[in-house]
Amino acid sequence: MKTSSNGVWQGDNPIHFAFPLLILQICIVLLVTRTLAVLLKPLRQPRVVAEIIGGIILGPSVIGRSESYMKTFFPKKSTPVLETVGDIGLLFFLFLVGLELDFGAIKRTGRKALAIAAAGITVPFVAGIGIAFILKATISKGVDYGAFLVFIGVALSITAFPVLARILAELKLLTRDVGQMAMSAAAVNDVVAWVLLAIAVALSGSGKSPVIPVYVLLSGVLFVAFMMLAVKPMMAYMGRRSPDNEPVSELFTCITLAGVLASGFVTDAIGIHSIFGAFVFGLTIPKEGPFAGMLIEKIEDFVGVLLLPLYFASSGLKTNISAVNGAQSWGLLVLVMLTACAGKILGTLFIALAHKVSFRESLTLGFLMNTKGLVELIVLNIGKERKVLNDEVFALLVLMALFTTFITTPLVMAVYKPARKQVPYKYRKLQRDKANDKLRILVCVHGTKNIPAIINLMEASRGSGKSVLRLYIVHLVELSERSSSIMLVHKTRKNGQPFWNRNRSHEDQIVIAFDAFEQLSKVQVRPMTEISAFQDMHEDICNVAEEKRAAMIILPFHKEQRVDGVLESVDAGTRAVNQRVLKHAPCSVGILVNRGLGGQSQLAPSSVSHNVAVLFFGGPDDREALIYGRRMAEHPGIKVSVIRFLPDREMDHIALNLTPLSPYDHDKHPQSYEFSTAEMNREQERTLDEEALAGITNDENDSVSSIPKKALAGITNDENDSVSSIPKKTQAYADDAKGSIVYTEQQISNTVESVLSIGKSNEYNLILVGIGRFPSPLVADLADRTAECAELGPIGDLLASSTIQITASVLVIQQHVKF
């Protein structure tokens, strides 16, 4: 085929030329595989299942039964081009696998995981050899015995490490003991499988001389030795010459990418498949520093999204399910599936039980180790290329790999449902019965930009020392379809902190920053990492909050401040996480709108000097904000101003029958405040508001004798009281050695102007406000306002507006209330 056409106007049909036909084939493959991935997502299947099924559908098993279709879109003369491009994607994918495989983590694998890995390889390998004898005697006559036995043994004993990581992520088992054990065992299995495959490839030569496989293996050993002794130090030098926060040299990138191709060429010339060269070259890349992360970012999307699906497509074009024909073939398929599953599951089960692992966890480990996928297809395709596997055996083993991978998730979900043994706890909000009760706060960060404001907020929140503050810092890491984000979980410790990943410097900065904060402020800090996709990240946050018995969750706002002061949206996924946490949280929630609270660095306790405003309209959320403000007032460097808003004569006609505001239906009404049908006892709410406010000025610990006990009684308790009897502004001061509170009442006629005047006054560093699910009549004039972020409530949304120049940071608080 010629490379490119002259165009339809010149009378050429583009699909009769190699390059435009390849473009069309890529589009078809991506369309089919991505559609299947969406359809299978509710079943929590990894993407590799969709890609395998997509390849089979496009091949002669389904659509390919039409000769006109095959001749038009996948003619035989185009197969070499399609397979070559797919193999290039496979080459760089194996380079990424080697780059991300941490031998240090494998060395730290315990004896239990090593024993499980050994059993998970040995038992199915031996069973596979037994099956090989049966297959050779029936449907695979005339092939080389040695190579055939090894290929079948490897095909049945292999565990797909990247696919297993994805399944564990979907099932939330990454940081549990069973997930840790499975990942460690699968990593060992992966390395052994590549060695066995190298032996199988060496044995599958032309058979000219029995000595040739020995030469091939010895050459392979010498190649590995050369890479480790000569190439690895050179790559380490390049890694050292690539410091943090500086772009990696283009020359280094060029050398690395060329090295992948050159290594593949050498191993292909030796007689071992080119993917081994790429894999070994990946092992030589230093795991420390930004060099490895930069390479991953440059390669993984292009390879994983565009090129690798072509490899699955070419595998599907070789798979003809109709070759599995007759009772004998289907009987052999069932036998292969049963043998593969029984070997993996039973071998793992008995060894795990022998190491005193519970039966349920042992069975779960067996199901997990039975995961196949891309690595399985690599083995089968090499076997077919070397003519060790014929069409029928190839189809049998592809169906076996698809079946075992597909059943893993439902079987694990049915057998292993880890019971969340949650201890009921009392303090799900900030209110405490005793002043010295411990306060637990869960703080979420998405990256290093969140650190200064969070630390300065927590310093202001630590109180007087009577009530111990315990912080749980959760670094939220998005788990995407990228191989790097999937495989970083192999390096996850039990507490959720990764050994390394492409953002390792960020990880270290987060841990170091909060360690320093713990030492300076004497606050108990426990950092951890949660790795999950955005759509279910809120589940991890809520589960950790309940496990740690947190009274409040602090979340960063999804917008960050630019240099010109305007708030700019960073990630819509973060906003969706915040919305779901507000809906499902087991405790109170605060969302921090950061406008440079305390500057861009951590403040020492002696340097803290903040003016904090608490805007009080009434209701449980405002009361929670008030309690938070009272705690801040205990800090010697914090001055808190509580501003209570009251209606003047012009607003006296507003009805008092508003129902509670619910911020939970943003998907349906993203730009409006939704009012729920939950009923509220207005009189009870007024009473609770008065009690909360009276506590500010009438605290027994405050040395204020000039304020009467019932200073606030009568303001709103009697609906018949005349509003005109309320003074225009009433102030009360509550000062003690620990801090100060200034209480102010303001009569307002325009809520928007009054709130914005406070925000723009430059008088406050931080404003605390409730989301306002039980809105005051004063916010009724905001109900028709188009909301930017309705989840913050009317007042919070107004203060967080990206179009209004406000310098103060805002903490919007939702109290834990059961409707």
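The structure is a predicted model, in which local features need pLDDT of at least 70, side-chain atom pairs count only at pLDDT 80 or more, and totals for chains, interfaces and linings use all residues. Residues are numbered from 1 along each chain as its sequence is written, and side-chain values use heavy atoms, with hydrogens and water left out.

The protein contains 26 helices and 15 strands. These are DSSP runs, numbered from the N terminus (helices, H or I, at least four residues; strands, E, at least two). Of its 819 residues, 57% count as buried, where buried means under 20% relative accessible area, exposed over 50% and partly exposed in between (1.4 Å probe, protein chains only). Contact is defined as heavy atoms within 4.5 Å. Among contacts between residues at least 6 apart in sequence, 79% join residues at least 24 apart.

The average pLDDT (the predictor's confidence in each residue, from 0 to 100) is 79, and 80% of the residues score at least 70. The pLDDT is below 50 over residues 652-670, a stretch with 58 contacts in the model beyond near neighbours in sequence. It is also below 50 over residues 675-679, where 11 such contacts occur. Where pLDDT is low, the predicted coordinates should not be read in detail.

Two helix pairs were examined. Two packed helices are described by the angle between their axes and the distance between the axes. Axes are lines fitted to C-alpha atoms, for helices over the stretch in contact, and angles run from 0 to 180 degrees between N-to-C directions. Angles under 35 degrees count as roughly parallel, over 145 as roughly antiparallel, 65 to 115 as roughly perpendicular and the rest as oblique.

Helix H6 (residues 111-138) packs against helix H9 (residues 177-203) at about 45°, with the axes 8 Å apart. The two are therefore oblique to each other. The H6 residues in contact include Ala-117, Gly-120 and Phe-125, and those in H9 include Ser-184, Val-188 and Leu-196. The residues of this contact divide into 11 nonpolar, 3 polar and 1 charged. Here Ala, Val, Leu, Ile, Met, Phe, Trp, Tyr, Cys and Pro count as nonpolar, Asp, Glu, Lys and Arg as charged, and the others, Gly among them, as polar.

The axes of helix H4 (residues 79-100) and helix H11 (residues 250-270) come within 11 Å and cross at roughly 110°. H4 is thus roughly perpendicular to H11. Leu-91, Phe-92 and Phe-95 in H4 meet Thr-256, Leu-257, Val-260, Leu-261 and Gly-264 in H11. The contact has 6 nonpolar, 2 polar and no charged residues.

Helix H12 (residues 274-283) is largely enclosed by the rest of the structure, because 10 of its 10 residues are buried. Among them are Phe-276, Phe-279 and Phe-281.

Two loop residues are also buried. Thr-319 lies between helices H13 (290-318) and H14 (326-354). Its relative accessible area is 1%. Beyond neighbours within four places in sequence, Thr-319 contacts Ile-56, Pro-60, Ser-61, Phe-394, Ala-395 and Val-398. Gly-373 sits between helices H15 (359-369) and H16 (374-385). Its relative accessibility is 0%. The C-alpha atoms of Gly-373 and Thr-405 are separated by 6.6 Å, although the two residues are 32 apart along the chain.
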